[in-house]
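Please look over the structure shown below, together with its sequence. The report that follows takes up helix contacts, a ligand shell, backbone features and domains in turn.

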Amino acid sequence: MTDHKEFVRELLSRRDRPSRCFLHSFGCQQNVSDGERILGLLCEMGYTVTEDITEADLIIYNTCAVREGAELKVFSLVGNLKNLKKKNPELIIGLCGCMAQQEKNVEKIRKSYPYVDIVFGTFALNELPRLLGTVLTERKTAVDINEYPAGFPEGIRPVRKNGVSASVPVMYGCNNFCSYCIVPYVRGRERSRRPEDIIGEVKELVGSGCKEIMLLGQNVNSYGNTFDERVSFSELLRRINGIGGDFRIRFMSSHPKDATRELIDTIAGCEKICKHLHLPLQSGSDRILEAMNRKYTAEKYMEIIEYARSLIPDFSFSTDIIVGFPNETEEDFQETLNIVRRVRYDNIFSFIYSKRTGTKAAAMEDQTPEEDKKRRLQELLRVQREISSEGFRRFIGRTLTVLFDSEEKDGTYSGKSDEFIIVKAEADASVIGKMKRVRITEAYNWALKGEII
Ligand code: 5AD
Ligand code: SF4
């Protein structure tokens, strides 16, 4: 790979001005994190990063395939790039990520968007220098969607937008094959990063002032399963908690079937780990959970919640829910609402089921009318709004730790509490990147407001 990198660097250095790259990642944080590493790789080859797509020499869309909507959006954006390419025939356009990994999409790109120069899948990030070299010299479309066994190359310095909070992948891929989900098909089997590599990256980030580490994986709870000598995710968390410095630790996602008491004990016992867990429920109906191949029941799920709350009564939970899975009845949906009411989540990410070709669920006949699905989504959102606005009131009068990261339109500053709730306060710009104690004075249904003390 080094030779290809040097080759591209040499080609770019002959230009009379710096070459600029623009990259946008769609979808989950794992994909955003891949995008940061791709930018790192591009910078090593001599590109500089631009946020202005019209001045870019190289445009890359790092795509998501988890729902149809995400795919349609990318195709529409790629359609728009035709004009930019007309104005600047030297422009290089690349597509990568989960959508690019699928043969059917590669065919569609070749046919309908022939001006796309590079297509590479989630396994071929190491190959980007070679693909770029080909396009820069031969001006022909370069495609690589092979399933290379190696994970992402270590030793690349990711280019992160935000210096305050950083994502650190701990594993790639997924072995779970939930029946609705395309991820195992486009990201392959689980591969864990070595603990030394993860800890080294966290130490470096904390040393450079980062205050929040988000550990990422499709199912972090099966971290280390592929090692000869197993290091569990809880063990990894404890080691990271032992790193000196003032920072906090988050992680996602946790599959409920693998969320153990040890994990909850670790969260409770480690001062740097936020007392918040993102625990995707998907459905509260055992019948649907089985059809989804989730391997837990609603009661098993509740056991984790109840155990966590027995240790920390205020333990915060968020979740993902799919409504309208094939043949979900009104009764199934009511069971989902039941769990939502029992858990009292602080936040829910809810989605209408989207059929993904190649998954098991895609072959299931679906009787549920589209209007019912839409109505269920609205109903779920309404119930959750009530729960969060009532739940958020429990914080009034209390003091939360907030890591400030942005300025709001109304001139206040905001950040996230340990519970992963947005908190606003009157402050000045010096507060950004700092953890502050905030006494909560008001609760909205999407955020809290308070005074810095
Ligand atoms: N349709 C709708 N939502 C989906 N998700 C995954 N696959 C699908 C699909 N086919 C949701 C799940 C997952 C989140 C990242 O996206 O809730 O937890
Ligand atoms: Fe998809 Fe299930 Fe794997 Fe999550 S755990 S990425 S929902 S297959």
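## Helices α7 and α8

The axes of helix α7 (residues 195-207) and helix α8 (residues 233-241) come within 10 Å of each other and cross at roughly 30 degrees, where axes are lines fitted to C-alpha atoms, for helices over the stretch in contact, and angles run from 0 to 180 degrees between N-to-C directions. Helices here are DSSP runs (H or I, at least four residues) and strands likewise (E, at least two), numbered from the N terminus. The crossing of α7 past α8 is right-handed, that is, the near helix is turned clockwise from the far one by less than a right angle.

On the α7 side, P195, I198, I199 and V202 meet L236, R239 and I240 of α8, contact meaning heavy atoms within 4.5 Å. This contact comprises six nonpolar, no polar and one charged residues; Ala, Val, Leu, Ile, Met, Phe, Trp, Tyr, Cys and Pro count as nonpolar, Asp, Glu, Lys and Arg as charged, and the others, Gly among them, as polar.

## Basis of the model

This is a predicted model, in which local features need pLDDT of at least 70 and side-chain atom pairs count only at pLDDT 80 or more, while totals for chains, interfaces and linings use all residues. Residues are numbered from 1 along each chain as its sequence is written, chains are lettered from A and ligands numbered from 1 in the order in which they are written, and side-chain values use heavy atoms, with hydrogens and water left out.

Helix α11 (residues 298-311) and helix α12 (residues 330-343) have axes that come within 11 Å and cross at roughly 10 degrees. α11 is therefore roughly parallel to α12, a term for angles under 35 degrees. Their contact involves A298, E299, Y301, M302, I305, E306 and R309 of α11, together with I339, R342 and V343 of α12, and by class it has six nonpolar, no polar and four charged residues.

The axes of α12 and helix α13 (residues 370-392) come within 10 Å and cross at roughly 15 degrees, so these two helices are also roughly parallel to each other. From α12, the contact draws on E330, F333, L337, V340 and R341, and from α13 on R375, R376, E379, L380, V383, Q384 and I387.

## Ligand 2

Which residues are around ligand 2? They are C174, N176, F177, C178, Y180, C181, V183, P184, Q218, H255 and R294, a residue being near a molecule if one of its heavy atoms lies within 4 Å of it. This shell divides into seven nonpolar, three polar and one charged.

## Backbone features and domains

Most residues other than glycine have a negative phi, and most peptide bonds are trans. A cis peptide bond, with omega about -5 degrees, joins M252 and S253, and S253 is found in the loop between β11 (248-252) and α9 (261-269). K295 has a positive phi, near 65 degrees, and is found in the loop between α10 (286-291) and α11.

The domain assignment gives domain 1 (4-144), domain 2 (162-274), domain 3 (283-394) and domain 4 (396-452), with bounds that come from an automatic or database assignment.

Technical notes
Angles under 35 degrees count as roughly parallel, over 145 as roughly antiparallel, 65 to 115 as roughly perpendicular and the rest as oblique.
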